[in-house]
Amino acid sequence: MVLYTPSNQDTTCGAPASLPVFVLTSLTGNMDEEAIKEIVAELGPLLIGRAPGKIFQLGPLSLAIDFRLRDGYLFISAEPGLPRLYLIKRRVRDLEKQSIPLTQFALALRKELAGATLRELEKDSAERVVRFRFTGKDEFEQAKERTLIAQLTGRSANLFLLDSRDHLTHQLRPARGAGQQIGDEYRLSAKSETRARERGISPTRGPQTGSPAGVGAVREGSTGTPLESFLAGQFDSFSAALDSHYSALLNQQAFDASASAARADLRKRASRQQKLLKQLQADLASHSDAEQQKRLGDLLLANLSTAKRSRNRVKLIDYFSADAPLIEIELDEKVTLPQEAERRFGLYSRSKRALRQINSRIALAQRELAGLEAQQAELEKIVAERDQASLEEFKSSPVAAGSPREISSSISRGKSKRKPEKKIPGVRRYVSSDGLEILVGRTSRDNDHLTFKVARPNDLWLHAADYGGSHVVVRNSTRKDVPHRTIIEAAQLAAQFSQARKDPKVDVHYTQRKFVSKPRGSAPGLVRMSRFKSITVAPKEAGTRS
């Protein structure tokens, strides 16, 4: 056991005269026994005989304790992947800015150590456990002894507070095993220590296989280890070297986590665009027969006098082929050839429009993927160079016009040009059972504004037949037909907000807004319909008011 008491502490500040040298093979988190031994040797002369003061909670499992040194604080962390112990130099305002509210353990530690002085600082032999023994008097002027245990054993790392009989009174994090529970006499779990020892490389020497290479001598050609940097005069203490080492390790971990998050975001966005592109290509293939629909429509019209029809099949002469063969197509028995030709032309027109839109969206998706690939290449370059500033700039840079994020947003919105509108004055709002918005005018002037300023050409327009009343508009941003249930609900609203609201049944005219016009010089609310349909409904305030 390495023990430091007031009788054997060095009166000088700094490192002991003769220190072994350890080789840092890689940035790892565990302090091995030799490193802990040497840091205890450094802390003993500085802390023995001092009383602990303010405690800063720098993280859920990390504490900084003020021992009223000139410019240093004892830092202890029980983080499972990064347990450590050394002095840190920080400004008080920086510690306060970094601090979080004290945990129950820190509050208990502050209370139990009030008025106490550190009398002994020791490291358990062959264990990664450091004991801070405090003595003092309680509020009744009775002598008290308390021990702070820093158990720096990897996944089982923890801080414990013991009473005068070495029984646990408080623990920083829940622990398992005998000797680790509140009320137990403290002892290190054999399983925990075995597992901690088997984990491998420490931050101050290589894997412990046989003789610990690097202990007691400098390995030729090795540079940059914490203790070597200290001995070379780069740091004024071993604590400062360790603080620099772990700060670099934490920065590296933060950089890697930030880079991983950025990679995941790019992968997610790329996957989304690849899925969209695949769907668009499938949609494109479904409209590949547009020209064939036009061809059949032309042949139907060209064969009006020569076509041979049998029930739902008709034979046509293919005038577009060199030898003009007979071809046979299917059609509804109740449909005439001109009607079938018109249907085919309609399919052709819709497919042509769809092809233009789909090709445009495919181009956008491809540009999105190309932009994402460029971002991925840029990110990998930043990661390779370990450029923290560039990584932060990469993640926080504003999205420029036409950038992948904006393109993705425009694709997800589709081709709709309609923007969300603010509240429209003079209009009642309803939502149909199918989720479509229904607008109802209040006054004659509101009706004019609704019909000719707000409504779009493809919106459905309704009005009670032969009675004065409100104009009703069903918003329809697509070319799809408005569901019949929505038409009924909108018609019920048109009847309800008309002079025929008390009638049991009311006829309501409806048509697309583009077939509604206003005669020159006519009174507010008066319109003309060039075509319309009618439906009979019972007046009712249908839909949901919004």
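Student: What does the secondary structure of the chain come to?
Tutor: Keep in mind that this is a predicted model. Helices and strands both occur in the chain. Its secondary structure comes to 12 helices and 22 strands.

Student: What percentage of the residues of the chain count as buried?
Tutor: A residue is buried when its relative accessible area is under 20%. The chain has 546 residues. Of these, the part that counts as buried is 43%.

Student: Which residues is Leu85 in contact with, leaving aside its neighbours within four places in sequence?
Tutor: Leu85 is one of the residues with the most contacts inside the core. Its partners are Met31, Ile39, Leu43, Leu74, Phe75, Ile76, Val130, Phe132 and Leu152.

Student: How are α7 and α8 oriented to each other, roughly parallel or roughly antiparallel?
Tutor: Two packed helices are described by the angle between their axes and the distance between the axes. Helix α7 (residues 290–302) and helix α8 (residues 337–385) have axes 8 Å apart, at an angle of about 160°. Angles over 145 degrees count as roughly antiparallel. The two helices, α7 and α8, are therefore roughly antiparallel.

Student: How many residues of the contact of α7 with α8 are nonpolar?
Tutor: Leu296 and Leu300 are among the residues of α7 that meet α8, and Phe345 and Leu347 are among those of α8. The contact also includes 3 polar and 6 charged residues. The nonpolar residues number 11.

Student: Is Ser189 buried or exposed?
Tutor: Ser189 lies in the loop between β10 (168–171) and α4 (190–197). Its relative accessibility is 12%, and the cut-off for burial is under 20%. Ser189 therefore counts as buried.

Student: What is the phi of Arg68, and is the residue buried or exposed?
Tutor: Most residues other than glycine have a negative phi. Arg68, in the loop between β3 (62–65) and β4 (73–77), is not a glycine, yet its phi is positive, about 60°. With a relative accessible area of 53%, over the 50% cut-off, Arg68 is exposed.

Terms used
Residues are numbered from 1 along each chain as its sequence is written. This is a predicted model: local features need pLDDT of at least 70, side-chain atom pairs count only at pLDDT 80 or more; totals for chains, interfaces and linings use all residues. Side-chain values use heavy atoms; hydrogens and water are left out. A nonpolar core is a set of buried Ala, Val, Leu, Ile, Met, Phe, Trp, Tyr and Cys residues joined through side-chain atoms within 4.5 Å. Buried means under 20% relative accessible area, exposed over 50%, partly exposed in between (1.4 Å probe, protein chains only). Contact means heavy atoms within 4.5 Å. Axes are lines fitted to C-alpha atoms, for helices over the stretch in contact, and angles run from 0 to 180 degrees between N-to-C directions. Helices (H or I, at least four residues) and strands (E, at least two) are DSSP runs, numbered from the N terminus. Angles under 35 degrees count as roughly parallel, over 145 as roughly antiparallel, 65 to 115 as roughly perpendicular and the rest as oblique. Ala, Val, Leu, Ile, Met, Phe, Trp, Tyr, Cys and Pro count as nonpolar, Asp, Glu, Lys and Arg as charged, and the others, Gly among them, as polar.
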